[in-house]
Amino acid sequence: MPVPRARRRPADPPVHAPDADLRAAPVDVIRTYPGAMPEGDTIHRVAASLRRSLGDRPLTRIELPRVPRPHPTPGSRIQQVEARGKHLLLHLDGGSILHTHLRMSGSWHLYRPGQRWGRARAAARVVLATDDAVAVCFLAPIVELLDAQALRRHPSLRALGPDLCDPAADLDEAVHRLAALRVPPPTIGEVLLDQRVACGVGNVYRCDVLFLHGLDPATPIQDISARRLRALLADAGELLRANVTTVERTTAPQAGPGALWVHGRGGAPCRRCATPIEVSRLGEQARHVYRCPRCQPSRACDGDS
Ligand SMILES: [Zn+2]
């Protein structure tokens with residue numbers, strides 16, 4: 001049966017001026033990867049850009065069209081920008097915390113004042129501006145204001161496992177959380193996306209780290225040793241952190257900037273063995289999963305156990 005190529009969503013329209021202008025400008029572009037859900041690397045990059053362009057300057061505009069009032073007032077400042085896995089938290093000086101999650105649909109853009117936006121105004125869910133920069137979050141399904149207590153009690157944020165974008169992430173804790181997922185026994189492909197185990201990994205790193213370990217995504221976790229699970233999480237973290245500051249997300253650098261091992265390459269030849277990469281669906285959300293059937297054979301025996 002022919003292997004379908006993964007369909008990509010159309011790219012966001014370009015929102016940035018040429019690089020030469022960017023170097024001279026006080027703002028820079030927040031890069032997301034069209035066609036892929038933002039993963040931890042993207043959110044950490046968004047956080048760095050917002051920190052650099054909006055941090056500790058008075059906000060001249062705060063627009064949250066779908067968030068119940070009261071809203072923070074102009075003049076407020078962002079004291080801290082925090083990425084936790086795929087969640088972004090903007091801590092304002094009045095005690096409000098703006099929480100966003102982009103899921104599959106959202107994106108952050110950063111503009112100069114007066115610059116034309118790349119998407120329709122009706123799609124804006126957050127607008128934050130200073131005298132120098134305008135940050136717009138489009139179509140994020142989660143935008144909410146929290147206070148310190150609500151942040152502590154937030155069910156999704158409380159449940160998050162260690163953030164693999166953090167080089168000091170507690171991998172033993174992640175393996176412990178993973179072992180606690182018992183009924184029904186999940187597959188390694190599903191578990192790597194479970195943000196309660198460890199946060200930051202999305203579909204790209206899930207697929208590519210499993211390729212690097214020669215593991216079929218459908219392998220039940222009980223067939224994989226704790227040592228191998230820890231190594232998988234460590235390598236997923238390394239891939240994420242290698243891309244926090246890069247222009248193009250890359251997991252196979254020897255194949256050039258932007259090259260991935262298997263993700264998004266359905267039907268294309270494996271970079272190691274030339275076998276066509278297969279695409280299937282896995283788990284409750286039936287996300288596409290990519291694998292090389294030769295390098296990642298079904299029920300690969302874990303020689304490490
Ligand atoms: Zn292969």
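**Group meeting: a sheet, a core and a covered helix**

Let's start with the sheet. Four strands make up an open sheet, ordered S1-S6-S7-S5, with antiparallel pairing. At the edges sit strand S1 (61–63) and strand S5 (107–111), and each of these pairs on one side only. From one strand to the next, the twist averages 15 degrees. Keep in mind that this is a predicted model.

Five bridges tie S5 to strand S7, residues 134–138, and the two run antiparallel. Within that pairing, His 109 stands opposite Val 136 of S7.

Now a hairpin. Strand S2, residues 78–84, and strand S3, residues 87–92, are joined by six bridges and run antiparallel. Arg 84 has His 87 in S3 as its bridge partner. Two residues lie between the strands of this hairpin, and Gly 85 takes a positive phi there, near 60 degrees.

Stepping back to the whole chain. The protein has eight helices and ten strands. It counts 305 residues, and 38% of them are buried. Take the contacts with a separation of 6 or more: 65% of them are between residues 24 or more positions apart.

On to the core. The largest nonpolar core has 65 residues. Which residues have the most contacts inside it? They are Ala 135, Leu 164, Ala 198, Val 201, Ala 236 and Val 262. Domain 1 (19–158) and domain 2 (171–291) both contribute residues, so this core lies between them. As a rule, nonpolar side chains in soluble globular proteins tend to be buried together.

Pick one of those residues, Val 201. Leave out residues up to four places away in sequence. Val 201 then touches Glu 39, Gly 40, Leu 164, Leu 192, Leu 193, Arg 206, Ala 236 and Leu 240. Two of these names, Leu 164 and Ala 236, are also on the list of residues with the most contacts inside the core.

Last stop, helix H7. Is H7, residues 203–212, mostly covered or mostly open? Mostly covered: nine of its ten residues are buried.

Terms used
Residues numbered from 1 in each chain as written. Predicted model: local features only at pLDDT ≥ 70, side-chain atom pairs only at ≥ 80, totals over all residues. Core = buried A, V, L, I, M, F, W, Y, C linked by C-beta atoms within 7 Å. Buried ≥ 20, exposed ≤ 12 C-beta atoms within 10 Å, placed from the backbone. Domains from an automatic or database assignment. Contact = placed C-beta atoms within 7 Å. Pairing = 2+ DSSP bridges. Axes fitted to C-alpha atoms, helices over the stretch in contact; angles between N-to-C directions.
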